[in-house]
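Hi everyone, thanks for coming. I'd like to walk you through one model today, so let me put it up on the screen.

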Amino acid sequence: MKQTKSLRIALAGNPNSGKTTLFNAITGARHHVGNWPGVTVEKKEGYTSFDGFEITVIDLPGTYSLTAYSIEEIVARRFIVHEKPDVVVHVIDSGNLERNLFLTTQLLQLGSKVVLALNMSDSLDHSGARVDTEKLGSLLGAPAVLTVGHKGSGIRELMDTVVRVAEDRHPKVRKVRIPYGHEIESHLRPLTEKAEALDLFKIPHPPRWVVIKALENDKELRQEVR
């Protein structure tokens, strides 16, 4: 008898990316709504079964970045960093790639296993545009899948991709370092080397990401480092 395995995935994305619609398409009626501990931000947690896996799906608050400005950004970031879901599905509005991919770069910097759900892809088709998902996945080191949440389109391919990424079986997945140009990199390199050599940061973040946030004067990170 094949043993059932478990996975926990988080759905992250900008507001109005269709994230909650996709969450409903994945989980159906198998979900409940509460609040995140200590705050009044709504928490949705759902469940689904796929390919021998029992999968818990967390719908994170809509956020444009993982910089600690709003309570939604703080909740999303803390969950990804400290709870470490097996896979983060970044739900992207296919028609607004430039704005949405900023969050993608932040997720990749954290070292998360990321799958891109290019949602509302039917609107993209109607405009006559298209996204080369193979090229996008190769550039970012994270596979991309076209979905239409309100139609349930692409859900099976998305979940298959999630399982393969979780089990380290997807050829597109690789570590990608986001470059910041010579001027910023000239500061990042020596600071990152010092952080690694001195082991200053007893927190669960990649040293390069810690240094980036330190240069941004990120309040949440400063408290953790202190």
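Let's begin in the sheet, where β5 and β6 run parallel and are joined by six bridges. If you want a landmark there, find Val 91, which stands opposite Ala 117 in β6. Before I go on, please keep in mind that this is a predicted model.

Now step back to the whole sheet. It is open, it has seven strands with mixed pairing, and the order reads β2-β3-β4-β1-β5-β6-β7. The edge strands are β2, residues 31-35, and β7, residues 144-146, each pairing on one side only. From one strand to the next, the twist averages 25°.

His 31 has Gly 46 in β3 as its bridge partner. The two strands form a hairpin with six residues between them, and in that turn Gly 38 has a positive phi of about 80°. Helix α1, residues 19-27, lies across β1, β2, β3, β4, β5 and β6, and runs at about 40° to β3.

Which residue does Trp 36 form an aromatic pair with? The partner is Phe 79, and the arrangement is edge-to-face, with 5.6 Å centre to centre and 70° between the planes. The count of aromatic pairs here comes to one. This pair links distant parts of the chain: Trp 36 sits in the loop between β2 and β3, Phe 79 in helix α2, and they are 43 residues apart.

In soluble globular proteins, nonpolar side chains tend to be buried together. Here the largest nonpolar core has 31 residues, and those touching the most other members are Trp 36, Leu 60, Leu 66, Ile 80, Leu 107, Leu 116 and Leu 136. Among the elements giving two or more residues to this core are β1, α2, β5, α3 and α8. Helix α2 gives the most, with five residues.

Take Leu 66 as an example. Leaving aside residues up to four places away in sequence, Leu 66 touches Ala 76, Arg 77, Ile 80, Leu 103, Gln 106, Leu 107, Leu 110 and Lys 213. There is also a second, separate core of 23 residues, which includes Phe 50, Val 89, Val 91 and Ala 166. You'll remember Val 91 as the residue opposite Ala 117.

In α8, the buried residues are Arg 208, Trp 209, Val 210, Val 211, Ile 212 and Lys 213. After α8 comes Asn 217, with a positive phi near 60°. Then there is Glu 220, in helix α9, residues 219-225. Why does Glu 220 count as buried? Its relative accessibility is 10%, so it falls in that class. Not counting residues up to four places away in sequence, Glu 220 touches Ala 68, Ile 74, Arg 77 and Arg 78.

That's my tour, and I'm happy to take questions.

Conventions:
Residues are numbered from 1 along each chain as its sequence is written. Side-chain values use heavy atoms; hydrogens and water are left out. A nonpolar core is a set of buried Ala, Val, Leu, Ile, Met, Phe, Trp, Tyr and Cys residues joined through side-chain atoms within 4.5 Å. Buried means under 20% relative accessible area, exposed over 50%, partly exposed in between (1.4 Å probe, protein chains only). Helices (H or I, at least four residues) and strands (E, at least two) are DSSP runs, numbered from the N terminus. Contact means heavy atoms within 4.5 Å. Two strands pair if DSSP finds at least two bridges between them. Axes are lines fitted to C-alpha atoms, for helices over the stretch in contact, and angles run from 0 to 180 degrees between N-to-C directions. Rings of Phe, Tyr and Trp (its six-membered ring) pair if their centres lie within 6.5 Å; planes under 30 degrees apart count as stacked, over 60 as edge-to-face and the rest as tilted.
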